[in-house]
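Welcome, and please open your viewer.

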Amino acid sequence: MSLPVEETAPVPLSALLRERTRAAHGEANSEQFIEELLSGGLSRAAHADLSAQLLPVYEALEEASAALGDDQGSENQGSDNRGAGLVFTELARVPALERDLAFLYGPAWRDEIRILPSTRAYADHIREVGGSLPHYAAHSYTRYLGDLSGGQIVKRMMKQHYGLEEEGVAFYTFPDIPKVKVFKDAYRDALDQLDLDDDEVTATLDETLLAFTLNRAVFTELAEIHC
Ligand code: HEM
């Protein structure tokens, strides 16, 4: 008599992502620039510079979101409309970043900010791959779930150390997300509902590690300037 074979449920993508990025996460948040910025050892200019670097990254990410969120995406823009469920308008960060930069640099902020080569490389990379759902999911997860998690700590520290109120840290405030934990759970569910095959899951995990590396490259360049 043969024993019944126990079916093991597949591990959800959100759990795989958390597990596979644990080490990369630890490395990213112990980067010198991040440690010194969060402990108050840098200046408001360093916070402003980080905000400036985030702008091209989110412009690229949110262009990809717009293409994926469009039901006709795959026909019109070469995007994958299986990704529409992962696009949440309440996550959009570009308008908040523009307000922060106007506050931190003044009205001529577009001429004042300087985008670093590592930032250009990061944004260009998102533009190159963002129409592919596994790649988009990787970049969306890395930034937005990070902003909703550690980003909330960053916000508190920026206010505490660099004399900021809400102005200048709008990037870290999600007015349309009243309960962050509830939203993060919904976002993880959306990740888990994506219709990805095994190769695409592998591509998502690999691309997420690359996303962490691209973030670290920006922190390294910022450290050369501010630390
Ligand atoms: C600035 C220093 C950082 C701190 C203090 C920090 C802190 C945290 C904390 C406490 C969580 C867990 C939240 C929870 O359980 O719901 C978290 C999650 C996360 N962080 Fe960070 N973080 C930092 C930097 C970063 C960076 C640089 C990235 C990537 C660019 C990042 C990406 C993420 C992601 C993707 C998650 C979600 C993990 C998951 O639940 O799947 N974090 N962070």
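Is Arg216 buried or exposed, or does it fall in between? Select Arg216 and show its surface: Arg216 is partly exposed, with a relative accessible area of 27%. Here, buried means under 20% relative accessible area, exposed means over 50%, and partly exposed is in between, using a 1.4 Å probe and protein chains only.

Before going on, a word on what you are looking at. This is a predicted model, in which local features need pLDDT of at least 70 and side-chain atom pairs count only at pLDDT 80 or more, while totals for chains, interfaces and linings use all residues. Residues are numbered from 1 along each chain as its sequence is written, and side-chain values use heavy atoms, with hydrogens and water left out.

**Stop 1: around Arg216**

A salt bridge is a side-chain nitrogen of Lys or Arg within 4 Å of a carboxyl oxygen of Asp or Glu. Arg216 lies in helix H12 (residues 198-226) and Glu27 in helix H2, so this pair ties together parts that are 189 residues apart in sequence. Helices (H or I, at least four residues) and strands (E, at least two) are DSSP runs, numbered from the N terminus. Glu27 is partly exposed, at a relative accessible area of 40%.

Glu31 is buried, with a relative accessible area of 11%. With all three selected, you have a network of salt bridges linking Glu27, Glu31 and Arg216.

**Stop 2: Asp49 and Arg114**

Next, select Asp49 and Arg114. They form a salt bridge whose closest N and O atoms are 3.2 Å apart. Asp49 lies in helix H4 (residues 44-69) and Arg114 in the loop between helix H7 (109-112) and helix H8 (117-129), so the pair ties together parts 65 residues apart in sequence. Asp49 counts as buried, at 3% relative accessibility, whereas Arg114 counts as partly exposed, at 38%. How many salt bridges are there by this rule? The count comes to 13.

**Stop 3: the iron atom and the ligand**

Which residue is the single donor from the protein? The donor is His25, through NE2, 2.1 Å away. Donors are N, O and S atoms within 2.8 Å of the metal (3.2 Å for Na, K and Ca), and water is not among the atoms, so sites may look incomplete. His25 sits in helix H2 (residues 22-29).

For Lys184, an N or O atom of the side chain is 2.5 Å from an oxygen atom of the ligand.

**Stop 4**

Thr142 is buried, with a relative accessible area of 10%. The C-alpha atoms of Thr142 and Tyr187 are separated by 12 Å, and the two are 45 residues apart along the chain.

Then go to Leu91, in the loop between helix H5 (73-76) and H6. Leu91 counts as buried, at 1% relative accessibility. Leu91 and Pro175 are 84 residues apart in sequence and 9.4 Å apart in space, C-alpha to C-alpha.

Finish at Pro107, in the loop between helix H6 (94-105) and H7. Pro107 is exposed, with a relative accessible area of 87%.

Definitions and conventions. Polar contact = N/O pair within 3.5 Å; in protein donor to acceptor, adjacent residues only side chain to side chain.
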